[in-house]
Every structure is written in C-alpha cells, then in structure tokens.
Amino acid sequence: MVRPSEQAGRRKVLVIYNPAAGWRRRGRFRKTLRQLARLGCAVTVRETLAQGEVRTFAAEGAGQGYDAIVVAGGDGTINEAAAALAFTTERVAVIPIGTANVLAAELGLPKRPEAIAQTIVNGPERSIHFGRLGERHFVMMAGVGFDARVVAEMGTGLKRILGRYAYVVGALRELMRHKPARFRIRLDNESVEAAGAIIANGRRYAGRYVVAPKANLEDPVLHAVLFLRRGRIAAVFYALSMLLGTLPRSRGVRIVEVRAGAFEGPEGEPVQADGDPAGTTPVDFRVAGRRLTMIVPKI
C-alpha cells in the first residue's frame, strides 16, 4: 500500500513495511505510524508483497528528499534495505517488528510506539559498518554449523505462528538428528577447524544474547566466534552458556578478530546471514567497507 502525503513543509518519512515479518506486532507498527503523524511527519508507507521489493523500494526512495527511510520488519528485512542504501547518505531508522530483532537490541531501540516515533524524528545518527558474505551483505552476523542448519530447515510459516519460539522448535528438531561436522574456516591468514562459527559484526545474537562482547558496529572488523567442540552434548552446552550469558568465557569457545576469511568446507553445508538462509559452503566473508547512517535513541 502507498499512502503519500503532499503537505509541504512537513518532515517526510518513507516507511518500508514487511507484513510477513511483522504480523504478530501489527499493533506496534500502526501505533508508531499514528505517533509519527502526531509529531508532524508526512508518512509514505510502501508495503512489500513480493520477494526483492524491500531492496527495490529502498533504492527508489534514496535521493527523493526523505528525512528518514524507516524499515518496519525484522533483521532480514533490514538486511535487504541496508544493502540498497549503504552507498547513499540516507538516514535509516527501524521499527522492530520481526522475530529476533537483533539489530534493534544492539542499538538499544525502544519497543514502545511513542518512543520509537520520537527516535525516528529526534534521534542522533550512528554510522555502522557491514560484513559481506559472498555476494550479499550482513548487518549483524553470518554463521555456519548448528544455527545455520536450524535456519535452513525453518519455514516462514513456523516463524509467523511461533515467533522467536520457532527457533527453539527448530533447534530441538536439529538436535535430534544432529550430525556433527568439522568445518574448515580461514581467518585472515590462519586456517582453523571448528564445529561451527558465528561471524559477528555486533555483540548480540538471537536478540539480547551477547556472543562477541568486544564487537562494535562502528569498527571495521569482524569477530569470529568459534565453537571448537562438536556433538549433541557440546551443542546443548553452548546453547545453555548463551542463555546464561557465559558463552564468550566458556571452554571450547574461541573469539578471533578477523577482516577477511572463508567457510571453506565441507562443501554444501548451509550458511545463514542475519537469520536468513544465505547459500552453502564454500563462501568467503569480509568487512564490506560500506557504512550505513542509522538513527538511534538518545543516550
């Protein structure tokens, strides 16, 4: 849907809305739109109906005089829009209505519609870096191993019904049929073997859980979180450690700063980027050298 406003002199905001990501939080979305109108914004909403439209709408909105381009969706939706806007000077904001909302948690974005709208209108700017995985970009993380298999097997229908609990169901299902693999991973000039890895651009994973405490979106460096032990018991241990907030200090976990590398093998294993399927191994990753101007809450 498109609801353009032609009133001159008002703050212009383009909202790209992914209804598939946000059906469980439509109330938050609608209330935020009403708050933006109360704050004097002329809001244009473009609702995505087909794959690829997020990126198309973002690219079409660039250079059209919007004070902010707002992405209403989850991390995958933000990923698509960010890839189209990273070479621009557009100011990008987020209405977090997805499943995990990892970037929103990383930036400390509020959940209340009134606070979200205030951030979009009055929030300061923060310039963040990207990672690159093969031919696509990621904002928060890419991964291979247990989590990538869970993402690869999870349908969008399950996420719509269960929200973030769909990942719990997917993880239990993967655990039951878990076949441990040993991945060859290149980190700059070092080659390592691990049961899996998360290449983190920010600190958080799966929402509020911190897996790379020294990562910073403003730094042009990635943090490889390596899971050195394999098997069902190890997978359960890593999951519990993440829930308890002790993962970065756990035995069998190694965190390495990296600027370029690759998931080299075994061939054909699924890879995830920002919680969505992103092809299979082998695939390279690196700091993308691109920045995005984000609108964030006032400290």
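**Charged side chains in a predicted model**

Modeller: In this model, Arg286 and Asp284 join their side chains in a salt bridge, 2.8 Å from N to O. The model is predicted, so local features need pLDDT of at least 70 and side-chain atom pairs count only at pLDDT 80 or more, while totals for chains, interfaces and linings use all residues. Residues are numbered from 1 along each chain as its sequence is written, and side-chain values use heavy atoms, with hydrogens and water left out.

Biologist: Why is the contact of Arg286 and Asp284 called a salt bridge?

Modeller: A salt bridge requires a side-chain nitrogen of Lys or Arg within 4 Å of a carboxyl oxygen of Asp or Glu. The N to O value for Arg286 and Asp284 is 2.8 Å, so the pair qualifies.

Biologist: What makes Arg286 count as partly exposed?

Modeller: Buried means under 20% relative accessible area, exposed over 50%, and partly exposed in between (1.4 Å probe, protein chains only). Arg286 has 33% relative accessibility, so it is partly exposed. Asp284, with a relative accessible area of 31%, is likewise partly exposed.

Biologist: How do you know that Arg254 and Glu190 tie together separate parts of the sequence?

Modeller: Arg254 forms a salt bridge with Glu190, with the closest N and O atoms 3.0 Å apart. Arg254 lies in strand β14 (residues 253-258) and Glu190 in strand β9 (residues 190-194), so the pair ties together parts 64 residues apart in sequence. Strands here are DSSP runs (E, at least two residues), numbered from the N terminus.

Biologist: Why is Glu190 called partly exposed?

Modeller: Glu190 has 28% relative accessibility, and therefore counts as partly exposed.

Notes:
Helix = DSSP H or I, 4+ residues; strand = E, 2+ residues; numbered from the N terminus.
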